[in-house]
There are 2 protein chains.
Amino acid sequence: MKPTDAELEILHVLWASGPSTVRQVHDQLSRNREIGYTTALKLMQIMYEKGLLSRDDSSKTHTYTAAVSEEDTQRGLVSRFVETAFRGSASRLVMQVLGQHKASREELDEIKRLLNQLDHDND
Amino acid sequence: MKPTDAELEILHVLWASGPSTVRQVHDQLSRNREIGYTTALKLMQIMYEKGLLSRDDSSKTHTYTAAVSEEDTQRGLVSRFVETAFRGSASRLVMQVLGQHKASREELDEIKRLLNQLDHDND
DNA sequence: TGTTTACTACGAAATTATTCGTAGATAGAT
DNA sequence: ATCTATCTACGAATAATTTCGTAGTAAACA
């Protein structure tokens, strides 16, 4: 399943905040940009139909939950992105990102650890 | 400038092959998927209007050239992707990619070199 | 109880991206 | 000179995404 940009915004809110009502999600989205309440509602309904969200409609005000994990979703997005933007070359993507973004010492160290880990797997 | 997926396909052809006619680009695209000749033509005309391509129309058969560099374009795509998919956390993207894709020994070494380089810049 | 408020459902408009058909022009072959 | 193949331009159909208005209903409140 490939969430659209608008759907990703909503998933991010739910991943960060846990189960939420449309009202709560809309409040969050409104911090970043103009968006009508029914727009958020409609998106969440569509996502529910697609299986991206689950919901509890036992009370009048429904509560929505992300039905896909952040990890799995990002894995899928990365695969697609590596293909379309880097023609499959993951390492070129990595180098582009590292060259472009300031990462903290801790982050760099963590990446190094991961690299060493990968080295050992290869041996 | 944010190229769409279809536009990226065409840019990749031009980056790899250099200045090309619509016919040549279409032939390349056809290797991967069904696409009509006039579809490719129209896309390239639109990209020309947007400034993504330049063209030489001195002869009947026009020759198109990428007007944006692969580097700059990928930089922009990465920025956008880090924002929408990883809420700005570049290091999480890197780790996701490294964990997910098999990179060759040479690629891993190159990434390590880059990391050491960044370390020194930080000092 | 009657009124206001908050919510969902639904349809459809608006926007963006992708696709292709048709028409007209030019160049090359016979 | 005519015919055929190839090219561009252009308009418009299709599809995918995002947006919101309206209607109906239930809850909260005066």
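Between chain B and chain A, the count is four salt bridges, a salt bridge being a side-chain nitrogen of Lys or Arg within 4 Å of a carboxyl oxygen of Asp or Glu. In one of them, the side chains of A:Arg92 and B:Glu70 meet at 3.6 Å, N to O. The model is a predicted one, in which local features need pLDDT of at least 70 and side-chain atom pairs count only at pLDDT 80 or more, while totals for chains, interfaces and linings use all residues. Residues are numbered from 1 along each chain as its sequence is written, chains are lettered from A and ligands numbered from 1 in the order in which they are written, and side-chain values use heavy atoms, with hydrogens and water left out.

Across the interface of chain B and chain A, 12 residue pairs are in polar contact, both residues at pLDDT 80 or more; such a contact is a pair of N or O atoms within 3.5 Å, where within protein one must be able to donate a hydrogen and the other to accept it, and residues adjacent in sequence count only if both atoms are side-chain atoms. On the side of chain B that touches chain A, at least two residues each come from helix H1 (5-17), helix H4 (70-86), helix H5 (90-100) and helix H6 (105-122) of chain B. Helices are DSSP runs (H or I, at least four residues), numbered from the N terminus. H4(B) gives the most to this side, with 13 residues. In total, 43 residues of chain B are in contact (heavy atoms within 4.5 Å) with 44 residues of chain A.

Sugar and phosphate make up 62% of the atoms of DNA strand D that come within 4 Å of the protein. For B:Lys60, a polar side-chain atom lies 2.5 Å from a base oxygen of DNA strand D. H3(B) provides the largest share of the surface near DNA strand D, five residues.

Notes
Near = heavy atom within 4 Å.
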